[in-house]
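The sequence and structure are shown first, followed by notes grouped by topic.

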Amino acid sequence: MSNFGNLIMNENMKIFRRPRTWIMLSILALISLLMPILLNEGMGSSEVPYWQAAITTVQIVFFLNTIFCVVIAAEAVAGEFTWGTIKLLLIRPWSRSKILASKYLSVIGFSVLSTLLVVILATVMSYMLFSHSVTPDGSGASASHAFALWGYLYVDLFITLAIAFMVSSVFRSGALAIGLSLFIMFTQNLFSLIFNPVRYEWAKYVLFNNMDLSRYMDSAADYGLLGDGNAGMTLGFSIAVLAVYYVIFMLISWVVFNKRDVAG
């Protein structure tokens with residue numbers, strides 16, 4: 001176990017010794033601090049609850065956070081082949097499964113760190129600038145609402161990282177992994193609209209239709225632009241579908257990485 005811990009530490013060193021990692025984290029921190037200030041200038045602080053400002057800030061910054069995390073995941077495996085260091089890694093007394101697991105856990109660790117950075121800074125700055133009063137009817141944003149939404153955002157990020165990591169492992173191309181992940185991010189809502197479960201029963205099992213779990217926060221929300229609720233889909237159903245896709249992505253990554261010949 002100690003050897004595996006050293007392996008994870010080694011992978012984290014590869015991530016955090018690069019200047020670009022600190023640049024990405026600095027950008028996330030800067031925007032998380034500046035966005036509440038901009039919202040305060042545009043909306044005022046007297047009536048807007050600080051949790052609402054924090055939610056808005058995180059939602060805006062999280063898109064950039066996902067891109068940065070995808071960059072880390074895309075090069076976790078592909079970078080070793082690009083730099084020619086994969087042979088040096090494999091000749092060490094560690095199994096390929098442990099090597100791949102350490103890389104994946106390091107990617108997840110970075111995503112958790114960057115997400116916490118965004119959430120904490122956005123919440124603190126919003127707390128300093130916006131109202132602490134509760135709306136008379138008790139409605140509006142709250143801590144439970146905020147953390148539930150942020151949890152759903154992270155699930156979306158978690159699955160996107162699994163896709164990027166799989167592509168990185170299978171095709172050994174960081175550029176392809178980044179490009180495909182960004183394509184999924186930009187077209188997710190479009191494909192959900194085209195392959196709508198209201199129109200096609202089988203579309204309930206399409207990955208794109210299950211990644212946005214935040215829609216279940218409002219039971220009365222329509223599905224896409226075609227209405228008719230969530231077409232029989234529930235939060236538990238979407239989590240189960242995502243779990244199946246996740247297992248498939250991880251299995252493909254492990255099988256290909258363990259079977260790949262790197263002699264060339």
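**Core, cavity and pocket**

The largest nonpolar core has 70 residues, and W150 and L161 are those with the most contacts inside it. Two or more residues of this core come from each of α1, α2 (19-43), α3, α5, α6, α7, α8 (208-211) and α9 (235-259). The model described here is predicted.

**Core**

- α3 supplies the largest share of this core, with 18 residues.
- Leaving aside residues up to four places away in sequence, L161 touches C69, V70, A73, V107, I108 and S111.
- In soluble globular proteins, nonpolar side chains tend to be buried together.

**Overall fold**

- The protein contains 9 helices and 0 strands.
- Along the sequence, the elements follow the pattern α-α-α-α-α-α-α-α-α.
- Of the 264 residues, 46% count as buried.
- When contacts between residues at least 6 apart in sequence are considered, 82% of them join residues at least 24 apart.

**Largest cavity**

- Rolling a probe the size of a water molecule over the atoms shows where empty space is left.
- The count of cavities of 30 Å³ or more comes to 1.
- The largest cavity holds about 130 Å³ of space.
- Its lining consists of E11, K14, I15, R18, I72, E75, A76, E80, W83, K103, S106 and V107.
- At least two lining residues are supplied by each of α1 (2-16), α3 (50-83) and α5 (96-129), and the largest share, 5 residues, comes from α3.
- By residue class, the lining of the largest cavity comprises 6 charged, 5 nonpolar and 1 polar.
- V107 is one of the residues lining the largest cavity, and V107 is also among the residues that L161 touches.

**Largest pocket**

- About 440 Å³ of space lies in the largest pocket.
- The elements that contribute two or more residues to the lining of this pocket are α3, α6 (143-171) and α7 (174-194).
- Of the 19 residues that line the largest pocket, F63, L153, D156, M185 and Q188 lie nearest its centre.
- α6 gives the most to the lining of the largest pocket, with 6 residues.
- The lining of the largest pocket divides into 11 nonpolar, 6 polar and 2 charged residues.

Notes
Residues are numbered from 1 along each chain as its sequence is written. This is a predicted model: local features need pLDDT of at least 70, side-chain atom pairs count only at pLDDT 80 or more; totals for chains, interfaces and linings use all residues. Side-chain values use heavy atoms; hydrogens and water are left out. On a 1 Å grid over the protein atoms alone, a cavity is a set of points where a 1.4 Å probe fits but cannot get out, and a pocket is an open set with protein on both sides within 12 Å along at least five of seven lines; lining residues have an atom within 4 Å of a point. Grid points are joined across faces, edges and corners, and a volume is the space filled by probe spheres set on the points. Helices (H or I, at least four residues) and strands (E, at least two) are DSSP runs, numbered from the N terminus. Ala, Val, Leu, Ile, Met, Phe, Trp, Tyr, Cys and Pro count as nonpolar, Asp, Glu, Lys and Arg as charged, and the others, Gly among them, as polar. A nonpolar core is a set of buried Ala, Val, Leu, Ile, Met, Phe, Trp, Tyr and Cys residues joined through side-chain atoms within 4.5 Å. Buried means under 20% relative accessible area, exposed over 50%, partly exposed in between (1.4 Å probe, protein chains only). Contact means heavy atoms within 4.5 Å.
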